[in-house]
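Hi,

Here is the structure I promised to pass on.

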Amino acid sequence: MAEAEESPGDPGTASPRPLMRDLKAVGKKFMHVLYPRKSNTLLRDWDLWGPLILCVTLALMLQRDSADSEKDGGPQFAEVFVIVWFGAVTITLNSKLLGGNISFFQSLCVLGYCILPLTVAMLICRLVLLAGPGPVNFMVRLFVVIVMFAWSIVASTAFLADSQPPNRRALAVYPVFLFYFVISWMILTFTPQ
Amino acid sequence: MAAADELTFHEFEEATNLLAETPDAATTSRSNQPTSQGHVAVAMGSGDSYGAEDEVEEESDKASLLQEKQQQQQQPGFWTFSYYQSFFDVDTSQVLDRIKGSLLPRPGHNFVRHYLRNQPDLYGPFWICATLAFVLAVTGNLTLVLAQRRDPSIHYSPQFHKVTVAGISIYCYAWLVPLALWGFLRWRKGVRERVGPYTFLETVCVYGYSLFVFIPMVVLWLIPVPWLQWLFGALALGLSAAGLVFTLWPVVREDTRLVAAALLSTVVLLHALLAMGCKLYFFQSLPPEHVAPPHQAASLPTNIPLSPTLPRSMAPS
């Protein structure tokens, strides 16, 4: 984790401050993802807590129920986890192999934080599914997922595209598109019970 | 021969001038193909190099001098990151160009010599396989959704395990089959003198890019008309296998006829098996759609004679 300098203070009051500071840093990065602007905060002070929280939330919401043990159900918790982290690592390696000048953890941080719109989409889809199945239900979910998918792509390319030389930008951005497409597909095909 | 001598002398002078200016430059062969890492690109197209054997020999002499110089400078070990970076040294336009080349195979144009030009990349094979695996799983699931709309008795489920199956089978095919092919070609190397076999990476590249045509084929398989699906499958398989055969032909034609024919037919057969396997495993939901209507049609006539007879039989009792 990138550590900011400890401000001088009483040595005895050190323990509650780092947690609040980290939570604030995570929250600030969430805001940067929701309103993507050309700022360097996400890249400079990278951390992996935000991606971990988002990944665990998404995996918990997507996993199939333990009662529903049929072989061809939705993904297990571990499968979602593996897809997200393995996918992010693969995209980062790809970007570095193509000659990008972004560091390994910075790229993981950006990709992980940009799952936030899709996690919000998952929450909305679960709420919408409580209203019962139907074609209108599906249309609403499809619309929400498409919008959030576009948001994720825009947010991540705003941070990642500048790190690549211009003649290889599309090669570095395409795997990001594939990654968020697979996550969106998992969210859209989620059926409860 | 005087004209040819003048030409070769002139080229030698140019090459040495260029080398003096930029010691790291790669040499170019007659048809302006860029070389890297000390390879010599010899254009062995079918029938376009009749009078050029002498020039080829002169160029290979020059090129071997430059080759040694280059090899001293650029050979990072396989444990360094830059070794692997050399396999991703492609631009967007080059990747698109190679994809177009695999979609439209032409008899004279060897994919390896014409498009790869001694710069095989791993980007294309890796991401084309990943895309194909995910597209297979997604469209297979979509056909189940569409089939359920038509016939509500079919049970829909996300079928997530198919992603794993698709991924493993596509990657195994795209990496193990080229390995076997490369091994076999190297084993038969003694039979051929002039044309060397392809490197392992070039074989992987050829297979990887040839799988690209399956992606639109799989998407088009969403249309639930069986004969159209078989037509698309045959077209895509034809294009893909033609690309492979045209690429392998120059390497294999100097071998005995039996070996050449056996190798090419094995390659085409494996490719066909892959396509058929994809169709049968991921697009399974069609048979229930065809079985259901005959059952409904068969059950109706048996109902109709029963219902008029039942009241009649019930009435007297």
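**What I found**

For residues 110–132 of chain A, the figures are 78% helix and 0% strand, and 35 Å between the end C-alpha atoms.

On confidence, chain A has a mean pLDDT of 83, and 83% of its residues reach 70 or more. Residues 1–7 of chain A are below 50, and this stretch makes nine contacts in the model beyond near neighbours in sequence. Where pLDDT is low, the predicted coordinates should not be read in detail.

Now to the packing. The largest nonpolar core has 110 residues, and the members that touch the most others are Tyr180(A), Ile183(A), Leu211(B) and Phe214(B). Another core, of five residues, lies apart from it and includes Leu144(B), Val145(B), Ala147(B) and Tyr156(B). Beyond four places in sequence, the contacts of Phe214(B) are Leu132(B), Ala236(B), Leu237(B), Ser240(B), His271(B), Leu274(B) and Ala275(B).

One more residue to look at is Thr203(B), which sits in helix 8 of chain B, residues 200–210. Is Thr203(B) buried or exposed? Its relative accessible area is 6%, so Thr203(B) counts as buried, the cut-off being under 20%. Leaving out residues up to four places away in sequence, Thr203(B) touches Pro178(B), Leu181(B), Trp182(B) and Tyr198(B).

Best wishes

Key:
Residues numbered from 1 in each chain as written. Chains lettered and ligands numbered in written order. Predicted model: local features only at pLDDT ≥ 70, side-chain atom pairs only at ≥ 80, totals over all residues. Heavy atoms only, no water. Helix = DSSP H or I, 4+ residues; strand = E, 2+ residues; numbered from the N terminus. Core = buried A, V, L, I, M, F, W, Y, C linked by side-chain atoms within 4.5 Å. Buried < 20%, exposed > 50% of the residue type's maximum accessible area, 1.4 Å probe, protein only. Contact = heavy atoms within 4.5 Å. pLDDT = per-residue confidence, 0-100.
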